[in-house]
Amino acid sequence: MSLVLQLLFTGIGIGAVYALVALGFVLIFRATNVVNFAQGEFSMVAAFLMVVCAVDLELPYWLSFLIALGGMALLGMLFNLTVYYPLRHRSFLPVIISTIGASIFLANTTLAIYGPQPQVLPGWFDTPGFQVGPVYLDSQYLLIIAVTIVLVAFQYWFFEHTLLGKKLQATSQDKEMASLLGIPVARMIMITFIYSALIGGIAGILVAPILFVSIQMGSTIALKAFAATIIGGFGDVAGAIIGGISLGIIETFGAAYISVPYKDGFAFFVLILFLIFRPQGIFGERVAEKA
Amino acid sequence: MTITRRGFSVALASGVAMPAVLRNALAQSNTLKIGMVLPVTGSAADSGKYALTGAKIALDRVNKAGGVLSRQVELVTEDDQTTNPGAVLAFSKLAAQPDIVAFIGSIRSTQNHAMAPDILKTAKPVCFGGTDPQLTKLGNPWLFRFRPNDSYSGRVIGAYGAETLAKKNWAIIHSTDAFGTSGGKALTEALGKFGAKVTIDQGYPNQSQDFTAVVLAIKQSGADVIGSYFTFENDLGIFARQLRQLGVTVPWVGSPSITTATAIKLAGPALYGTFGVADYAEESSPEAKEFAALYRKAASTEPDNFGSWTYDALNVLCAAINKAGSTDPNKIRDAILATKGYKGAEGEYNFDQYGDGLHGYNIVRNEKGKIVFDKHIEFND
């Protein structure tokens with residue numbers, strides 16, 4: 001029983017990370033109808049910004065966090081202006097290629113500036129974790145789970161109960177109609193990019209003390225988060241969260257009870273099953289219904 | 001004589017190009033080129049930097065001492081991107097340059113396997129650092145190993161854990177790549193000879209983000225010692241931390257990656273008290289100490305095996321070319337194989353018929369983040 005609880009806790013923790021990154025995917029997809037393949041690199045850049053501020057410059061942790069988030073907002077803005085905006089009237093394909101290019105650019109720029117050594121980022125808390133009965137609770141994983149819950153609640157409130165959120169929703173549903181109603185579409189898309197860069201950044205900063213800070217940390221997480229997005233239903237916020245967390249749990253239990261070497265395989269096996277039998281994901285609408 | 005427009009253009013073009021052509025030709029005759037395949041990007045980019053530092057220190061020494069065959073030596077590098085296709089591409093780019101006389105290959109066994117067919121075709125010596133014992137048994141005469149192979153590391157880990165520490169129930173954890181799989185196999189074989197038993201043999205894929213399942217399986221297996229073959233330090237770091245968090249405190253004897261500067265930095269206190277086999281240990285010999293001093297002068301990190309093997313490889317290679325008296329690949333090959341009793345940073349090089357230069361390992365332990373030399377175990381086969 002203790003084994004199951006321990007695995008469940010880790011599974012939810014790692015799943016929450018996938019969920020946070022998946023959330024970034026979903027937001028941009030809803031606003032622009034393209035997948036942003038640089039979403040994982042947002043996490044990596046934020047983690048490096050954190051290392052520069054908190055470790056190299058020895059600034060207080062909270063201040064470093066705010067600076068890193070400021071940097072991410074700026075990155076989201078620049079990303080929109082250089083990667084998406086010039087191609088906004090083209091089909092989705094050039095934009096996707098453009099985000100792949102941006103992802104390689106971000107990874108190699110960070111490599112060129114910071115060098116290849118993996119870095120250690122201390123966690124938020126001095127206590128690494130607690131023993132509750134037979135289960136060890138890693139404090140960083142607890143924080144990740146808490147932040148995920150808060151962000152999901154915030155996102156629900158923001159999109160359903162604020163005017164800005166409703167404008168963003170309207171933009172994602174039908175850009176032309178939204179602009180006819182006087183909604184500044186370009187500005188809405190800008191806000192979406194900034195917001196998803198922030199979410200990706202928060203995910204990176206939270207997971208860095210566990211996975212270390214390295215150039216490739218973003219791509220490993222993003223691949224799983226992408227699978228989570230498809231499992232949850234592309235474009236659905238609740239789907240991204242459920243998809244991410246179930247992926248984390250499936251992976252951890254699969255590793256414990258079936259096979260460790262095929263751990264990554266389970267995630268993608270589930271992905272393939274979904275693509276074949278339920279391509280719209282858990283929460284997605286049928287394409288026919290949408291039309 | 002009439003000057004046509006075409007003749008004039010040709011003369012002008014050759015006039016403009018001549019200095020460059022001459023400079024190129026002169027440079028070619030002046031420097032002796034050695035190609036080096038190393039990771040500049042990808043997950044092992046940090047180790048590539050250390051490898052280059054080690055190689056450059058040796059290069060500097062060789063050039064200051066008059067170079068090779070009265071020529072200065074130049075290093076031509078290509079990025080292998082830490083992938084097998086990347087390594088193959090990098091090697092073929094270097095192999096296409098006819099003035100490169102020999103090569104420094106990869107520290108990753110799997111990449112050397114990938115490059116091996118092209119190395120055979122190129123037919124020039126390649127010094128490498130991968131430790132899969134198979135690499136020098138492929139029937140490829142151009143591969144020369146500058147680190148002890150894993151048939152030795154397996155025996156040393158086994159001997160230390162089963163005899164010195166007197167632990168008989170082993171948990172083996174290894175990467176599922178070529179290096180990890182062959183290492184795990186070598187350790188299992190060695191343990192059989194020491195009368196110890198393997199209670200759990202667990203492979204894991206590289207770049208795993210979580211080792212909870214592995215740690216819990218080790219805990220349940222009742223093993224009283226862990227033997228490990230980790231390929232990447234970030235995996236090792238995550239495993240080490242989770243191992244301690246979930247309360248596993250049994251002794252741990254690891255392959256060389258447990259002793260590297262990156263592993264010590266990433267895992268921190270989680271590695272205190274662990275043992276490792278290390279091809280490079282600063283306190284093991286005067287030559288190792290000398291390398292450490294040179295390395296600290298050149299870089300801000302602590303010296304480890306990533307830098308020491310390329311340092312030794314370049315030193316031995318340059319000495320061999322000098323001894324061969326020519327850049328003929330066959331003569332260089334014979335000279336490398338004839339190298340006996342050369343004292344390098346990693347130990348004493350005595351090349352055998354297969355191209356293996358080293359035949360023993362150091363045992364070191366991690367004392368609060370500092371690597372302390374324990375003993376050297378040398379084999380005669």
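What follows is a walk through selected elements of a predicted model, beginning with a sheet in chain B and ending with a hairpin in chain A.

**The sheet of chain B**

Begin by selecting the open sheet of 7 strands in chain B, whose order is S7-S6-S8-S9-S10-S13-S14 and whose pairing is mixed. Strand S7 (197-204) and strand S14 (370-378) of chain B stand at its edges, and because each has a single partner strand, one side of each is left without a neighbour in the sheet. From one strand to the next the twist averages 20°.

Next, colour strand S6 (residues 169-175) of chain B together with S7(B): these two strands run parallel and are joined by 7 bridges. To see one of the pairings at residue level, select B:Ile173, whose bridge partner in S7(B) is B:Gln202.

Helix H7 (residues 212-221) of chain B, in turn, lies across S6, S7 and S8 of chain B, and runs at about 175° to S7(B).

**Salt bridges**

Side chains of opposite charge can pair when their charged atoms come close.

Select B:Glu78 and B:Lys93, which form a salt bridge whose closest N and O atoms are 3.6 Å apart. B:Glu78 lies in strand S2 (residues 72-79) of chain B and B:Lys93 in helix H3 (residues 84-95) of chain B, so this pair ties together parts that are 15 residues apart in sequence. B:Lys93 counts as partly exposed, at 42% relative accessibility.

Move on to B:Arg296, which forms a salt bridge with B:Glu282 at 2.8 Å between the closest N and O atoms. This pair links B:Arg296 in helix H10 (residues 286-298) of chain B to B:Glu282 in the loop between S10 and H10 of chain B, 14 residues apart. B:Arg296 is partly exposed at 34% relative accessibility, and B:Glu282 is likewise partly exposed, with a relative accessible area of 24%. In chain A, select A:Lys224, A:Glu251 and A:Asp264, which are joined into one network by salt bridges that share partners.

**A nonpolar patch on chain A**

Switch to a surface view and select A:Met1, A:Val4, A:Leu5, A:Leu8, A:Tyr257 and A:Ile258, which form a nonpolar patch with about 600 Å² of accessible area together. Helix H1 (residues 2-32) of chain A provides the largest share of the patch, 3 residues. A:Leu5, which has its place in helix H1 of chain A, is partly exposed, with a relative accessible area of 35%.

**The hairpin of chain A**

Finally, select strand S1 (residues 129-132) of chain A with S2(A), which pair in the antiparallel sense over 4 bridges; A:Phe130 stands opposite A:Leu137 in S2(A). In this hairpin, which has 2 residues between the strands, A:Gly133 takes a positive phi near 60°. Which way do the side chains of strand S2 (residues 135-138) of chain A point? A:Val135 and A:Leu137 point one way and A:Tyr136 and A:Asp138 the other way, and all are buried.

Notes: Residues numbered from 1 in each chain as written. Chains lettered and ligands numbered in written order. Predicted model: local features only at pLDDT ≥ 70, side-chain atom pairs only at ≥ 80, totals over all residues. Heavy atoms only, no water. Pairing = 2+ DSSP bridges. Axes fitted to C-alpha atoms, helices over the stretch in contact; angles between N-to-C directions. Contact = heavy atoms within 4.5 Å. Patch = residues over 30% accessible without salt bridge, like charges linked within 9 Å, V, L, I, M, F, W, Y side chains within 5 Å. Areas by Shrake-Rupley, 256 points an atom, 1.4 Å probe, with all protein chains shown as cover. Salt bridge = Lys/Arg side-chain N within 4 Å of Asp/Glu carboxyl O. Buried < 20%, exposed > 50% of the residue type's maximum accessible area, 1.4 Å probe, protein only.
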